[in-house]
Amino acid sequence: MDLYLDTAEVSEIREIAAWGVLAGVTTNPSLIARSGRPLEPTIKEICQIVQGPVSAEVVSTTAAEMIAEGRRLAAIDPHVVVKLPTTVDGLKACKALSDEGIRINMTLVFSANQALLCAKAGAWCVSPFLGRIDDISWEGMELIREIAELFQVQNLSTRILAASIRHPRHVTQAAMLGADIATMPAKVFQQLVKHPLTDLGLKAFLEDWAKANPKV
Ligand code: E4P
């Protein structure tokens with residue numbers, strides 16, 4: 001499973017990219033707005049840092065406008081994956097842009113049937129939103145399970161991008177269920193590596209070493 005950052009903050013992307021484990025980035029209109037920077041140079045800069053798939057989302061709502069906007073976004077950099085909402089217009093735009101060879105991330109997926117439609121429309125990946133399902137007291141991970149099984153049984157090659165990840169257990173479970181990608185905020189990335197027993201163990205090793213090798 002590839003690990004992506006879900007952010008438009010370039011400083012966070014630079015930091016995690018330096019770990020050597022970052023495969024891509026997802027953004028959305030809220031994240032771009034929060035960054036306070038214009039879309040195009042931000043996406044370009046992210047692509048240059050990551051050198052992997054970078055999702056940039058349309059803000060138009062009709063198929064014709066999404067197709068035009070999607071083409072503009074795809075022209076920013078070859079790493080751009082165009083993100084479209086899972087609506088009827090989004091599906092039409094997905095089919096048209098996928099037929100042109102543009103990779104599409106279908107976002108705001110909340111059911112296995114939506115994922116099936118997106119795959120049939122040629123999507124490169126679908127983004128089921130785990131955390132937002134948990135927020136309404138259902139089990140977000142069940143959606144990943146259903147989509148993974150459905151895509152396997154139906155032999156569909158569209159990738160599953162586990163999105164709206166809120167904590168490290170989401171990452172483990174999505175990986176075990178066969179999600180192809182998980183996208184998460186920088187905070188969750190940091191939580192993945194951190195463990196108090198690692199810190200305590202390292203401290204004890206270094207103290208023992210220092211005792212046995214006193215500095216003269
Ligand atoms: C994914 O592509 C979305 O940008 C993101 O994961 C949404 O997460 P949220 O529900 O925490 O806003």
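Q: Where is Ser164 found?
A: Ser164 is in the loop between strand S7 (159-162) and helix H9 (168-176).

Q: What is the phi of Ser164?
A: Phi of Ser164 is positive, about 60°, although the residue is not a glycine. Most residues other than glycine have a negative phi.

Q: And Ser137, what is its phi?
A: Ser137 is a residue other than glycine with a positive phi, near 65°. Ser137 sits in the loop between helix H7 (130-135) and helix H8 (140-153).

Q: Is Ser137 buried or exposed?
A: Ser137 counts as exposed, because it has 6 C-beta neighbours inside 10 Å. The cut-off for exposed is 12 or fewer.

Q: Before going on, what is the confidence like, as pLDDT?
A: This is a predicted model. The average pLDDT of the protein is 97, and 100% of the residues score at least 70. The predictor also gives an ipTM of 0.97 and a pTM of 0.96 for the complex.

Q: How many helices and strands does the protein have?
A: There are 11 helices and eight strands in the protein. Its C-alpha atoms fill a box of roughly 75 × 40 × 30 Å along the principal axes.

Q: What share of the residues is buried?
A: Of the 216 residues in the protein, 40% are buried. As for contacts with a separation of 6 or more, 53% of them are between residues 24 or more positions apart.

Q: Which strand holds Ala182?
A: Ala182 belongs to strand S8 (residues 181-184).

Q: Buried or exposed, that Ala182?
A: Ala182 is buried, because 26 C-beta neighbours fall inside 10 Å. The cut-off for buried is 20 or more.

Q: What is Ala182 in contact with, leaving aside neighbours within four places in sequence?
A: Ala182 is in contact with Met1, Leu3 and Tyr4, and also with Ala162, Ile165, Val171, Ala174 and Ala175.

Q: On to helix packing. How do you describe two packed helices?
A: By the angle between their axes and the distance between the axes.

Q: Then how do H4 and H5 cross, in those terms?
A: The axes of helix H4 (residues 63-74) and helix H5 (residues 88-99) cross at roughly 45° and come within 8 Å. That angle makes H4 oblique to H5. The crossing of H4 past H5 is right-handed.

Q: Which residues make that contact between H4 and H5?
A: From H4 they are Ala63, Met66, Ile67 and Gly70, and from H5 they are Asp89, Gly90, Lys92, Ala93, Ala96 and Leu97. The residues of this contact of H4 with H5 comprise six nonpolar, two polar and two charged.

Q: What is the angle between H6 and H8?
A: Helix H6 (residues 112-120) and H8 pack at about 40°, and their axes are 9 Å apart. H6 and H8 are therefore oblique to each other. Their crossing is right-handed.

Q: Which residues are in the contact of H6 and H8?
A: H6 contributes Ala112, Ala115, Leu116 and Ala119, while H8 contributes Leu143, Glu146, Ile147, Leu150 and Phe151. In the contact of H6 with H8, eight residues are nonpolar, none is polar and one is charged.

Q: And H1 with H3, at what angle do they pack?
A: Helix H1 (residues 10-17) and helix H3 (residues 39-50) pack at about 5°, with axes 10 Å apart. H1 and H3 are therefore roughly parallel to each other. The cut-off for that is under 35 degrees.

Q: Which residues of H1 and H3 meet?
A: Val10, Ile13, Arg14 and Ala17 of H1 meet Glu45, Ile46, Ile49 and Val50 of H3. The contact of H1 with H3 has six nonpolar residues, no polar ones and two charged ones.

Q: Last one: where does Ala75 lie?
A: Ala75 is in the loop between H4 and strand S4 (80-85). Ala75 counts as exposed because it has 11 C-beta neighbours inside 10 Å. Glu40 is 35 residues from Ala75 along the chain, and their C-alpha atoms are separated by 10.0 Å.

Terms used. Residues are numbered from 1 along each chain as its sequence is written. This is a predicted model: local features need pLDDT of at least 70, side-chain atom pairs count only at pLDDT 80 or more; totals for chains, interfaces and linings use all residues. pLDDT is the predictor's confidence in each residue, from 0 to 100. Axes are lines fitted to C-alpha atoms, for helices over the stretch in contact, and angles run from 0 to 180 degrees between N-to-C directions. Helices (H or I, at least four residues) and strands (E, at least two) are DSSP runs, numbered from the N terminus. Angles under 35 degrees count as roughly parallel, over 145 as roughly antiparallel, 65 to 115 as roughly perpendicular and the rest as oblique. A crossing is left-handed if the near helix is turned anticlockwise from the far one by less than a right angle, and right-handed if clockwise. Two residues are in contact if their C-beta atoms, placed from the backbone, lie within 7 Å. Ala, Val, Leu, Ile, Met, Phe, Trp, Tyr, Cys and Pro count as nonpolar, Asp, Glu, Lys and Arg as charged, and the others, Gly among them, as polar.
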